[in-house]
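User: I have a model open and want to go through a few things. Can you take some quick questions?
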Amino acid sequence: MSDDLANKIAAGEVVERCSSIVKELVENSIDARALNITINLIKGGLEKIQVIDDGDGMDANDAYLAFSRHATSKLIHDDDLFFISTMGFRGEALPSIASVSEVEMRTSDGVSSSYIHIKGGEVLERKEGDLRKGTNISVTNLFYNTPARLKYLKAEATELYNTISLVEKLALAHPNIKFTLTNNEKIVVKTSGSDNLLKTIHEIYGLNVSNKMLEFKASDNDFDIYGYICKPEILKSNRNDLCTFVNDRVVRNGDINRAINDSYYTYKPDGKYPIVVLKINADPTLVDVNIHPTKQDIKLSKINDLYELIYNTFKDVLYNNLLIPNAIKDKSVNIIKDSVIADIVSNMVKSEDKEKVQTELDFVIEEDTDKLELKASDEVLVNKEMKSLVLYLVGLALGTYIIAENDQGIYLIDQHAAQERINYERYMKALKARAWPVTRLLIPIKLELSTSEFTLLKDNMNVLLDRGFLLEEFGVNTFLVKEHPTWILEGHEEESIRKIVDLVLTCKEKFDPVKFNEKMAITLACKMSIKANYRISHAEQEELLKELVLCDNPYNCPHGRPTIIKFSIYDLERMFKRVMN
Ligand code: ZN
Ligand code: ZN
């Protein structure tokens, strides 16, 4: 097999998107200890990808060798071995990229500078260069010699979106590095290299998000975890913002995602995902990075320990923080990503004054960082008082929303959602305790079923027996309920039992007692709670508030929807123009 062919095959594995080329080039810059990395794209990278860094650079000989396959071993020193074990194996990328495109590289190690021009793997020109220190590499004519691959490239907006996500994650992995990403000469991502993770989150997601991030830090024998998770009020509809890093590498791992998702259970609806920046430090021997050529998917030893660590840490953070969402959303700033992409999609890109955009961006970042620090310290004070949250009842509006107040502002509480939460936690506690008194019914409840339902229920009778119900056969397709557990809501006995029987009958998959209890608790909680448009008495409103603030999670119903929202005094004063800003 010729070298050229081998390169093209490798290119197929390593390089398939513009973003995978950016990834390889930027990771080379990071390896070269760059502190400033600029990525310039033309048409989302379809026309040109340029990466400029101020890293170690290369001398002329290494620059040439970098493009020959399997040259890596010549560049590696003994003390790099630890690094390679954490960062994955380097060295295939440049020859692969050069075999399917046109590459121009200027590089300098601070002593000598060189220029090399390669097309389709063939060196067209080598000469002395004029760069100071670092590397400047540009890739054009991507896949010009492999027409079949071209069709895998997507539209500009898609390629750009993938690269933006990638660069954002690399910036979060390396807050000490200053990243700039431009597309068609417009800045899309810009971080300051402040070495402050929260500030980097702010620069990427804007104030609205960074103000709602909660810090965490924990470790066990094998793993250290650190980072930020968002309050459940800001959720995304895809997993894209679950940013996970192992030893500063961007990684993907289903078990880690599951730990995150499970820790938010009932704090968010299913199918919605939080913004998470999770940094994991692990002994490199526990990490297997090479199961996928793009090296993002990883396998970890002791994954169950890591699952527990993440799950418990996140659960504690959510439990210990005040999570009442503000009714008035902060104005979103510098989320230029969406607008840039919208621009391209609607094909309305007007060439803007680059410098003006730059100044505006700098201004926004500087100004909001001050506010950010102020707000963060405020929040710490509030959090400590959390479990003594006091709400004073004002009244009921629309037969649906309880109005309450305290010295922080005005609160609206959804009466159905709130009671659903209270009931849910009551059922879950009773079911977990597994010991409950039973009530013997003086007049048994009669359950008439179809033949198939009757048989099915008979086969699964132990599910009901285990939960404190006693049923006896009574004639054709009929059961008599003689006993039920006391955790069934008084006055709703028959309704509750029918619901539970329905659940047993519709339980298709392999029976999982934990999941069954969970489903039963949610269903009963919903059915037994006051509906909207129903006026409850003043005393009932008081009782509901009192019980809600005692819940483990008073902020969400078991479906993850909010139970309570807040109008802060500041929001109200701003709306009534008592304060002007
Ligand atoms: Zn409900
Ligand atoms: Zn609900």
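User: To start, how many disulfides does a search of the whole structure find?
Analyst: The search of the whole structure finds 0 disulfides, a disulfide being a pair of cysteine sulfur atoms within 2.5 Å. Note that this is a predicted model, where local features need pLDDT of at least 70, side-chain atom pairs count only at pLDDT 80 or more, and totals for chains, interfaces and linings use all residues. Residues are numbered from 1 along each chain as its sequence is written, chains are lettered from A and ligands numbered from 1 in the order in which they are written, and side-chain values use heavy atoms, with hydrogens and water left out.

User: Cysteine 557, buried or exposed?
Analyst: Cysteine 557 is buried, at 1% relative accessible area. Buried means under 20%, exposed over 50%, and partly exposed in between, with a 1.4 Å probe and protein chains only. Cysteine 230 is also buried, at 0%.

User: Which residues coordinate the zinc ion (ligand 2)?
Analyst: Glu420 through OE, Cys557 through SG and His559 through ND1, at 2.1 to 2.3 Å. Donors are N, O and S atoms within 2.8 Å of the metal (3.2 Å for Na, K and Ca); water is not among the atoms, so sites may look incomplete.

User: What spacing do those donors follow along the chain?
Analyst: The spacing is E-x136-C-x1-H. Glutamate 420 sits in helix H15 (residues 415-433), and histidine 559, 139 residues apart from it, is in the loop between helix H20 (538-549) and strand E22 (564-568). Helices (H or I, at least four residues) and strands (E, at least two) are DSSP runs, numbered from the N terminus.

User: And what does glutamate 420 bridge?
Analyst: Glutamate 420 bridges the zinc ion (ligand 2) and the zinc ion (ligand 1), which lie 3.9 Å apart. Glutamate 420 is buried at 2% relative accessibility, whereas histidine 559 is partly exposed at 27%.

User: Changing topic: how many residues are in the largest nonpolar core?
Analyst: It has 107 residues, and those with the most contacts inside it are Ile39, Phe179, Leu278, Ile310 and Ile413. A nonpolar core is a set of buried Ala, Val, Leu, Ile, Met, Phe, Trp, Tyr and Cys residues joined through side-chain atoms within 4.5 Å. A second, separate core of 34 residues includes Leu431, Leu449, Leu457 and Ile488.

User: What does isoleucine 310 touch?
Analyst: Leaving out residues up to four places away in sequence, isoleucine 310 touches Ile225, Ile256, Ala259, Ile260, Leu278 and Ile280. Contact here means heavy atoms within 4.5 Å.
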